[in-house]
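Reader: I've got a new model open and I'd like to learn how to read it feature by feature. Can you walk me through it?

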Amino acid sequence: MATVNPTAISSSSRRGAAGSGERGLSAAWPLFVLFPLLPLWWALGISGIVLSVCVLPLAAGLLLRRRLLVPRGFGLYLLFLLWCAFSASRLTSSRQAFSAGYRGTLYLGAGLLFLYVLNAPRSALSPDRVVRIMASFFVIAVIGGLIGMIVPNIAFTTVAKGFVPPSMLADRFVSDLVSASTSSGRAFAAYPIYRPKAPFIYANEWGAAYAMSLPFALCAMAKARSKGARDAMLIVLMISVFPLVFSLNRGAWLAALAGVLYATVRLARGRNGQLLRVVALVGLVLGAVLFVTPLGEIVKTRLQNGYGDAHRAQLYGESIALVRESPVLGYGAPVLVEGNLSAGTHGQLWTIVVSQGVPGLLLFTGWLLWALWRASRRLPPGHPGDVTVRLWCEVAIFVALVQMPYYDLLPWGLSIGMIAAAVAWREELAFVRVAPQALAPVLEPSAAN
């Protein structure tokens, strides 16, 4: 596994500095394709496989590089991918094979995305550009949520669905992948509420993406260059409370709240008064929206009525029983237990422990914990890395860990977490314009690992 070569980083940065204006868009192509173009992929019915399609071009782009920086901690994720291959020996049906192949390409694509962003020169793909792209993804999720509220329960036939054989569409999972609708069904008879999910496949997927991209929206507001840009993002955050509440996603509420509280603690410890005031302002405004509008009553009703809890508890029990039978290799993929329902599909933790066993779960979680630890490391005085971006990347990784027990991180959560990990780690190595001889006092020896 390659370690950091200061000379290579310095030279690659100088190459990136030349003509960075021309290369800015090309260097950011995976992010543009995956995130701002999501509404297009959703309308075409391929939003769930876009990352899978990007695997080959991402791999080709990395192979063409003269030097590839791979942090040693990333070995945990590489071992997880290897364990996924081992666990495939436990597959027993074509349905499971399709599920394992689909998730496998997403795991691989997320790993390649991490390496791509990590190795992209900061002059061609700056941290601010990454933040803006990911903040635009948050805005897209908010707009989609508003559409789901205003024109609920609207479905249409996508282009992709017309190419899938009817025999495959009989499988609910496959059908969902190529379908598009603005919301899911009505949740409570007392309220005319349809859970928004546009432009995503599931309402829970919308909630997970909202919570994962929220730190980047807060980062964009904190780093806004003008009062108008900052106020615009604040307005978006205020409006976002409406689809967030209407989504009835308790998991998204928990993840968003946990992320904001985590950021508050980190800011307080770091004595960053300016950013702390930004977070406090957002919290006060959003809290006021909840209490002044009828949204607070909806939140109270949802918390008192866990209509899906019994079903989740049943699937969790089935998952635990399956893990006891095959704790090492798992089953390669979630296991069908009732109709079209599978054990190991109601949370990334359960998906992995059923599919790849306990070792797979330890490797995957270990990688996220390692990424969180790297992002939380305090930079030495005078270091040129962007501490604000690193903080919010750290929060995004933390939110991914919070979501694991009850939300799937595929296809969006893991990708966002990988981008956050790559940017945070790259900012730790943000000595791009420092001569190689001057690198030693800037970074600890362990930072090259």
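Author: Let's start with burial: a residue is buried under 20% relative accessible area, exposed over 50%, and partly exposed in between, using a 1.4 Å probe and protein chains only. Take Cys219: its relative accessibility is 1%, so Cys219 counts as buried. Before we go on, this is a predicted model, where local features need pLDDT of at least 70 and side-chain atom pairs count only at pLDDT 80 or more, while totals for chains, interfaces and linings use all residues. Residues are numbered from 1 along each chain as its sequence is written, and side-chain values use heavy atoms, with hydrogens and water left out.

Reader: What share of the 449 residues in the protein chain is buried?

Author: Buried residues account for 53% of them.

Reader: Which residues touch the most other members of the largest nonpolar core?

Author: The general idea is that in soluble globular proteins, nonpolar side chains tend to be buried together. A nonpolar core here means buried Ala, Val, Leu, Ile, Met, Phe, Trp, Tyr and Cys residues joined through side-chain atoms within 4.5 Å. The largest one has 119 residues, and Phe35, Tyr77, Phe364 and Trp367 touch the most other members. For contacts, read heavy atoms within 4.5 Å. Leaving out residues up to four places away in sequence, Trp367 touches Gly73, Phe74, Leu76, Tyr77, Phe114, Met418 and Ala421.

Reader: And across the protein chain, what percentage of contacts between residues at least 6 apart in sequence join residues at least 24 apart?

Author: That figure is 80%. Val323 is buried, with a relative accessible area of 15%. Beyond its neighbours within four places in sequence, Val323 is in contact with Val353, Val354 and Val358. Val323 and Trp350 are 27 residues apart in sequence, with their C-alpha atoms 9.4 Å apart in space.

Reader: Is Ser247 buried or exposed?

Author: Buried, because its relative accessibility is 0%. Ser247 lies in the loop between helix H14 (227-246) and helix H15 (250-270). Not counting residues up to four places away in sequence, Ser247 touches Arg195, Pro196, Trp206 and Trp253.

Reader: Which residues form a nonpolar patch on the surface?

Author: Patches use residues with over 30% relative accessible area and no salt bridge; like charges are joined within 9 Å, and nonpolar side chains (Val, Leu, Ile, Met, Phe, Trp, Tyr) within 5 Å. Here Ile143, Ile147, Ile150, Val151 and Ile154 form one, with about 450 Å² of accessible area together. Ile150 sits in helix H9 (residues 127-150), and at 67% relative accessibility Ile150 counts as exposed.

Reader: Last topic: how many salt bridges does a search of the whole structure find?

Author: Side chains of opposite charge can pair when their charged atoms come close. The cut-off is a side-chain nitrogen of Lys or Arg within 4 Å of a carboxyl oxygen of Asp or Glu. The search finds ten. One of them joins Asp171 and Arg95, with the closest N and O atoms 2.6 Å apart. This pair links distant parts of the chain, 76 residues apart: Asp171 in the loop between helix H11 (166-169) and helix H12 (172-177), Arg95 in helix H8 (residues 94-119). Asp171 counts as buried at 15% relative accessibility, whereas Arg95 is partly exposed at 28%.

Reader: Which residues do salt bridges that share partners join into one network?

Author: Start from Arg374 and Glu428, which form a salt bridge with the closest N and O atoms 2.8 Å apart. Arg374 is in helix H19 and Glu428 in helix H21 (residues 413-428), 54 residues apart. Both are buried. Through shared partners, the network takes in Arg374, Arg377, Arg390 and Glu428.

Terms used
Accessible areas come from the Shrake-Rupley method with a 1.4 Å probe; for residues, only the protein chains shown count as cover. Helices (H or I, at least four residues) and strands (E, at least two) are DSSP runs, numbered from the N terminus.
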